[in-house]
Amino acid sequence: MNIAFKGEHLLPGQLGQFFIVLAFGSALLSTIAYYFATVNKNPLDKSWNKLGRIGFRINTASVVGIGCCLFYIIYNHFFEYHYAWAHSSRNLPVYYIISSYWEGQEGSFWLWAFWQGILGNVLIWKAKSWENPVMTIVALSQTLLSSMLLGVVIFTRVGSSPFILLREAIQAPIFSSPEYLGFIKDGNGLNPLLQNYWMVIHPPTLFLGFASMVVPFAYAIAGLWQKRYKEWIQPAISYALFSVMILGTGIIMGSFWAYESLNFNGFWAWDPVENASMIPWLTLIAAVHVLIVYKNTGQSYFTATFLVLISFVLVLYASFLTRSGILGETSVHAFTDLGMFWHLVIDVLIFLAIAAAAVAARWKELPFSKKEEETYSREFWMFVGACFLGLSCLQLVAVTSIPVFNAIFGTHAAPPNEPVNFYNVFQSGFAVVVTLLAGFTQFLKYKNTDATKFYITTVIYFVFSLLIGGVIIYYTGIYHNHWIYSVLMIGAVYSVMANAKILADVFKGKIKLAGSAVAHIGFGLLLIGAVISASTSSVISINNTGTSYGSEFARQGNNPRENIMLYRNEPVQMGPYLVTYLTDSVALPNHFFKVDYKRMGSDGKVKEEFVLKPNVQANRKMGLVPSPDTRHYLFHDVYTHVSMANIKFDDEMTGEGNGGHDEASDDKNYDPPILHEVAVGDSIPYRDGVIYLKGINKNATVQDIKLKDNDVSVGAELEIHTHGNVYKSEPVYMIKDGSSFDFARRVPDAGLKLRFSKIIPGKTPADFKFEISVYQQPESKKPYIVMKAIEFQDINFFWSGTIIMVIGFLLSIFRRNKELKTA
């Protein structure tokens, strides 16, 4: 038992650990009870079923208890706990505290277990005769997920507890002191890349998708176990559609996140973690189509079963990839290794063994169809489409798993040097086939189709698609890139048009066709947007100066040719825009840069003007972490992020910067001063503009300095004109108690410090002159940013296609649920 050091709050952690043990034990009890309820031959004996339900409900309550304890610790900044210290800090707003909740592996495992607990209770309510065998599998999965939080060592590390104390997790001399908490003022903070509103909703959606994939898997195992080979298909279709919809939504949310915060220069970078989430989604999409084929024709039973089973196994494999640390050198946002490598491997192998054993045990009894599918039948081509989706998945698995193969075989194979181009070309080839099949299969019927009618309809729509696709290809310039993108564009247009024809039939009364037609239209639009945006996006921040920005700039993955340098208030022509870095603002922990964009007309007048505010964080672990800002239009976006800056991140810079920095030591930040003797109305030229002495303020004041009757305080009313901007400043000259003083004023946006250092009397007041000292920042210290700007064309097709596709899935779920109730 831990002895509390000064200031520690041990109770919430001890309570949370109790809930973890209770969650594991109750899930294991539920698994055993549901197993015996399934094999029990007495249909009137409900004792095992009741025990299984009690165990699972205790598990669900325990998982909620774990969540409450962990949130209480994070929200109250109890940094004596390693998880709170590692993933949060005091300056995080509440919504980012929620994000920090699942930044670490332990929190994300909890999220997975929470959703799986909710789904398990839905199944207890809805599964009826399927409850016992289905819940045996779901409860087993919940047992293994709960074990991920145990944090004990039994031969190998079993789980990682979120309630471990900081002094237990890290060995350091500081923790030998009972008063160590007095030295820990704040937590490590949330990864800057995760400080985005999409991080609040993307992981919960994604993990609901992962959790839901156990349900069709459980139905397939239950069907094989109880020899109800055909009955499981119908309920599995509804749950599989739900999984596809939710997981797909989560993946696209991640795409939004990448587009808006991760600086992947786009919406998809084929990062291994992105690939890992997409792999099971592809196989389950294929499974849904083949399940529908079997339901309607009795064909492809084994393929349907295999795809359902492998989809959940691939979810577990994806979890292994992202959590074992094996992708550490190939992914920017994989989890770090917590020493659970073999625990994760065992998790995958258990469910792979269950699936293999169930199929092998029932192999001779499986309802294989001896009749070959007709070539002119919908089921034949849906099967072909499922095969190509499987091949697409196989390519992703093979390349993403290169680090796994290296670890197993001791090889040193390297991932693709240019993963975006590599994957884009390969996956586009698979997508071409899928889009064509998604189009012409709509003109086929199950079992057999009139070939003549099919060819006429298909050719007519294909010709129109060829014409429309050709116009899009020419207008957008896709043909300048790899030829596969042009072919994919035609396929995507064909898919949209063919399914639009089916959607039109919906209004003639064929309402049951709506779901698939809408989903396929959305998928086609998504691909149209992806192809145009990915193949025609153009960097507009072309650097023609030859400046390289130093060797470190390139080592960080930046291309100097694609980044321009902007000095503050100095306009630079960038493509069609005149851009100006105006000023900075700080909203901790972010430092924002205000960049003005002007599009000039042929008459020299401003045709359009807008301001973007990309920001950066100076993170002690990750260095400069930028987040972009985007100007959205209907048919294109202008995307901007800062790659480098020379500002000081510990200064909260104000708009004009007057006052508060008058120390002589500040002079080292400027070139030696140039003295000017000027009268009111005179001008002072300097390197970047002109300074005008507009007047003398005889009643100038300086904060916290009280003047006596014989004291004098006057201010020089200066107006600075530089690069089209005007700034005002008033340095002060003072005689107090017989001694003279001057109070300089800084104008950071103009790179100046100004001093009013002497009054030179004349015969009349009009002849008086005044000594103004002008300090200019050297070019090397002048505030600047280096930024990259990209134009993405027609990206809204991608986002709108996503929404339409999700609506299509939703309509399909409603249809399948209605069919299930009827059955």
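Which residue in strand 23 does V642 stand opposite? That would be M787, and the pair is a handy way into this predicted model. The protein chain averages a pLDDT of 88, with 94% of the residues scoring at least 70. One stretch needs care, though: over residues 650–663 the pLDDT is below 50.

**Strand 12 and its partners**

- Strand 12 covers residues 636–645, and ten of its ten residues are buried, so the rest of the structure largely encloses this strand.
- On one count, strand 12 pairs with strand 23 (residues 784–793): the two run antiparallel and are joined by nine bridges.
- V642 facing M787 is the example from the opening question.
- Strand 11 (residues 629–632) also runs antiparallel to strand 12, with four bridges joining them.
- The link between strand 11 and strand 12 is a hairpin through three residues.
- If you want a spot to look at in that pairing, take T630, whose bridge partner in strand 12 is Y639.

- S757 sits in strand 21, which spans residues 752–760.
- Its relative accessibility is 18%, so S757 counts as buried, the cut-off being under 20%.
- The side chain of S757 makes a polar contact of 2.7 Å with the side chain of E771.
- A polar contact of 3.4 Å also joins the side chain of S757 to that of S773.
- Setting aside neighbours within four places in sequence, the residues in contact with S757 are Y733, D742, E771 and S773.

**Cysteines**

- The disulfide count here is zero.
- Take C68: the nearest cysteine sulfur belongs to C69 and is 6.9 Å away, and C68 is in no disulfide.

**Where to be careful**

- Residues 650–663, with pLDDT below 50, still have 27 contacts in the model beyond near neighbours in sequence.

Note on methods
Residues are numbered from 1 along each chain as its sequence is written. This is a predicted model: local features need pLDDT of at least 70, side-chain atom pairs count only at pLDDT 80 or more; totals for chains, interfaces and linings use all residues. Side-chain values use heavy atoms; hydrogens and water are left out. A disulfide is a pair of cysteine sulfur atoms within 2.5 Å. Buried means under 20% relative accessible area, exposed over 50%, partly exposed in between (1.4 Å probe, protein chains only). A polar contact is a pair of N or O atoms within 3.5 Å; within protein, one must be able to donate a hydrogen and the other to accept it, and residues adjacent in sequence count only if both atoms are side-chain atoms. Contact means heavy atoms within 4.5 Å. Two strands pair if DSSP finds at least two bridges between them. pLDDT is the predictor's confidence in each residue, from 0 to 100.
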